[in-house]
Amino acid sequence: MAEDLNITTSTNKAEQYQSLIPQIEALLTGEPDLVANMANVCAALKEQFKWFWVGFYLVKDDELVLGPFQGPVACTRIGLGRGVCGAAWQQEKVLIVPDVDAFPGHIACSSASRSEIVVPIFNDGKVVAVLDVDSDELDQFDETDAQYLQQIVELVNFK
């Protein structure tokens, strides 16, 4: 596939995801490199939704380590249970945070971040990474995002 995305201008979030997912799938098809695929997923999501920050953290030993991302510089390492990413890893579930300032123990990698969603990524029943998305707007994420972002991370081969 060409590296250009067909950006949907619909205001309907589900329609935007439905347009984007086949394009991401085409980008990933035939490419075995995990880093390349994570990078393209981040770029596609950031380009479509204009979110403040989109990136992956990979589980390495007892912490999350920064992987490919789009946006300003980020926290490099996050411990289990720390912040939204560490909590999603520990709880093994998607966390949607409408206001990061109200989240106990939130790690402020950037003061511009206002809301966040973190999607854990599993391999053989174990969390191996998380997809972290931040917005500079309050209450940006909902169950629609959770549903489609889970579909998107399943397209990336974390084996």
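This is a predicted model: local features need pLDDT of at least 70, side-chain atom pairs count only at pLDDT 80 or more; totals for chains, interfaces and linings use all residues.

User: Which residues touch the most other members of the largest nonpolar core?

Analyst: A nonpolar core here is a set of buried Ala, Val, Leu, Ile, Met, Phe, Trp, Tyr and Cys residues joined through side-chain atoms within 4.5 Å. Buried means under 20% relative accessible area, exposed is over 50%, and partly exposed is in between (1.4 Å probe, protein chains only). In the largest core, which has 31 residues, the ones touching the most other members are Leu-45, Trp-51, Phe-56, Leu-131 and Leu-149.

User: Which elements give two or more residues to this core?

Analyst: Helices (H or I, at least four residues) and strands (E, at least two) are DSSP runs, numbered from the N terminus. By that naming, the elements giving two or more residues are helices H1 (13–28), H2 (34–49) and H4 (143–155), plus strands E1 (53–60), E5 (115–123) and E6 (126–135).

User: How many residues are in the second core?

Analyst: That core is separate, and its members include Cys-75, Ile-78, Trp-89 and Val-97. The size of the second core is 17 residues.

User: Are H1 and H4 roughly parallel or roughly antiparallel?

Analyst: Axes are lines fitted to C-alpha atoms, for helices over the stretch in contact, and angles run from 0 to 180 degrees between N-to-C directions. The two axes come within 10 Å and cross at roughly 5°. Angles under 35 degrees count as roughly parallel, over 145 as roughly antiparallel, 65 to 115 as roughly perpendicular and the rest as oblique. H1 and H4 are therefore roughly parallel.

User: How many nonpolar residues are in the contact of H1 with H4?

Analyst: Contact means heavy atoms within 4.5 Å, and among the residues that meet are Tyr-17, Ile-21 and Ile-24 in H1 and Tyr-148, Leu-149 and Ile-152 in H4. Ala, Val, Leu, Ile, Met, Phe, Trp, Tyr, Cys and Pro count as nonpolar, Asp, Glu, Lys and Arg as charged, and the others, Gly among them, as polar. With three polar and three charged residues set aside, the nonpolar count is nine.

User: Which helices do the buried residues of H1 pack against?

Analyst: The buried residues of H1 include Gln-16, Tyr-17, Leu-20, Ile-24 and Leu-27. An α-helix has 3.6 residues a turn, so residues three or four places apart point the same way. The packing partners of the buried H1 residues are H2 and H4.

User: Is Asp-145 buried or exposed?

Analyst: Asp-145 sits in helix H4. Leaving out neighbours within four places in sequence, Asp-145 is in contact with Lys-13, Tyr-17, Trp-51, Ile-117 and Gln-140. At 0% relative accessibility, Asp-145 counts as buried.

User: What about Asp-124: what is its phi?

Analyst: Asp-124 is in the loop between E5 and E6, and its 76% relative accessibility makes it exposed. Most residues other than glycine have a negative phi, and most peptide bonds are trans. Asp-124 isn't a glycine, yet its phi is positive, at about 55°.

User: Where is Glu-92 found?

Analyst: Glu-92 also isn't a glycine and has a positive phi of about 55°. Its relative accessible area of 43% makes Glu-92 partly exposed. Glu-92 is found in the loop between helix H3 (83–91) and E4.

User: How far apart in space are Pro-98 and Arg-114, C-alpha to C-alpha?

Analyst: Pro-98 lies in the loop between strand E4 (95–97) and E5. Contacts of Pro-98 beyond four places in sequence are Arg-114, Ser-115, Leu-138 and Asp-139. Pro-98 and Arg-114 are 16 residues apart in sequence, and their C-alpha distance is 7.6 Å.

How values were computed:
Residues are numbered from 1 along each chain as its sequence is written. Side-chain values use heavy atoms; hydrogens and water are left out.
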